[in-house]
Amino acid sequence: MKHKLVFLIILVTMTVLLSGCWSKKELTDLAIVAAMGVDKTEDGKYAITLQIINPGNVAGGMRGGGGGTESPPVTIYSATGNNLVEASRSASSKISRRLYYAHANLVVVGENLASEEGVATLIDAIDRDHEFRITTTMVIANQSSAADLVKTLTPVDKIPANKVLKTLEFSQKVWGETIKTSIQDVMKGLQSADEATVVSGFRLVGDPKHASNLENIQESEPESTLESSGIGIIKEGKLVDWYDGKTARGTVWIRDEIQGTDINIDWEGKKEAIAYQTVRQKTTVSAKVKNGEPHISIHTRAEGSIGEMNVPVDITDVKVISKMEKELEKEVKKEITNAIEQSQTNKADIFGFGEAIRRSSPGEWKKLKPMWNDVYFPELKVDIKVEAYIRRAGLRNKSFLSSLKDNQ
């Protein structure tokens, strides 16, 4: 009898705890959002642009059912509101399905919104939403609106949001002038000691109207396309500057986020005659405070191989290799120096120097923190040490150009 009573209690308890499918969502009732763009209208409202996946068109190679007419893999919906929640709910009046943000992997912020109002309001709204993931990638539209980027149809990658994500990923691996940042990364950066961080930029090259037409992905050479465009500097939540080219790469060097890059050096009077490809690289930042003055030391070490030589060079000579390594060290140090100087001009510590001081000297940091961005960081002394090593020369030691010269 006792065992039966225990069994009955367990059965009743399980019945209460098993809630069934009260929160179920039928797939046919969901509009899956792949990307969201956020801009600010002239009258001060938020304008959101949603990139909705058309599952049948993605799986079926952009072929419509029955008639065989081509249709895009995504559909774009736009709405406005006094806040982001209102704009999102307002969009539901145009869509026959429930907006589902759990699979949204890209948020695009318009340049005007990022520079005038900032990204803090947007981040707060996303962080509160139980569906939206803070691991979602964030980019800032460079010289264009977020709507233009989200509306652009791209070849190869059927879903345009994936095009942006993959471009950032592979560009960081082989070029080193971009950083793939998530909403969570931006949140951490803005909550750190220096209150500054970075977000990669993306821009539309071409006509925005043509970019949203199906013809754009039917051409062998698309008239309009999306491409990564520099690194946006976020200070106190607002976009304050853009870093491009080698200055952007210098920033990535310091932050130890270089995964691979190509460095060109001059040789025997010829510009960018030798291409050096990194294989391994590591940057460490250390800090100390002496007599009340902060000091930062940066040590960068790179190992790689020669990818190309446009001049005859005997790389079997140890002295020649040593000279090349010195030139590479100068180039990397120059890029790092330029990034630091521009950041000091902006009074934006995007490298985490303040955090390094806080870790090494917590007591001293309390004294420095109130005037860090305005006084100490702009005048900060930084020691930069770069070590570059050439480990391989590809499949050929002796230059092919040298062989041609010898045969003449």
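Mentor: A residue is buried under 20% relative accessible area, exposed over 50%, and partly exposed in between (1.4 Å probe, protein chains only). Helices are DSSP runs of H or I with at least four residues, numbered from the N terminus. This is a predicted model, in which local features need pLDDT of at least 70 and side-chain atom pairs count only at pLDDT 80 or more, while totals for chains, interfaces and linings use all residues. Residues are numbered from 1 along each chain as its sequence is written, and side-chain values use heavy atoms, without hydrogens or water.

Trainee: How many residues of helix α10 are buried?

Mentor: In α10 (residues 245-254), 8 of the 10 are buried, so the rest of the structure largely encloses this helix. They are Thr247, Ala248, Arg249, Gly250, Thr251, Val252, Trp253 and Ile254. Just after α10, Asp256 has a positive phi of about 55°.

Trainee: Is Leu8 buried or partly exposed?

Mentor: Leu8 counts as partly exposed because its relative accessibility is 47%. Leu8 belongs to helix α1 (residues 2-17).

Trainee: Which residues touch the most other members of the largest nonpolar core?

Mentor: A nonpolar core joins buried Ala, Val, Leu, Ile, Met, Phe, Trp, Tyr and Cys residues through side-chain atoms within 4.5 Å. The largest has 53 residues, and Ile274, Val313, Met324, Ile336 and Phe353 touch the most other members. Helix α11 (residues 318-346) contributes the most to this core, 8 residues. Another core, of 35 residues, lies apart from it and includes Tyr46, Leu50, Leu99 and Phe132.

Trainee: What is Met324 in contact with, beyond its neighbours within four places in sequence?

Mentor: Contact means heavy atoms within 4.5 Å. With those neighbours left aside, Met324 contacts Ile265, Trp267, Ile274, Ile306, Met309, Val313, Ile315 and Ile390.

Notes: Helices (H or I, at least four residues) and strands (E, at least two) are DSSP runs, numbered from the N terminus.
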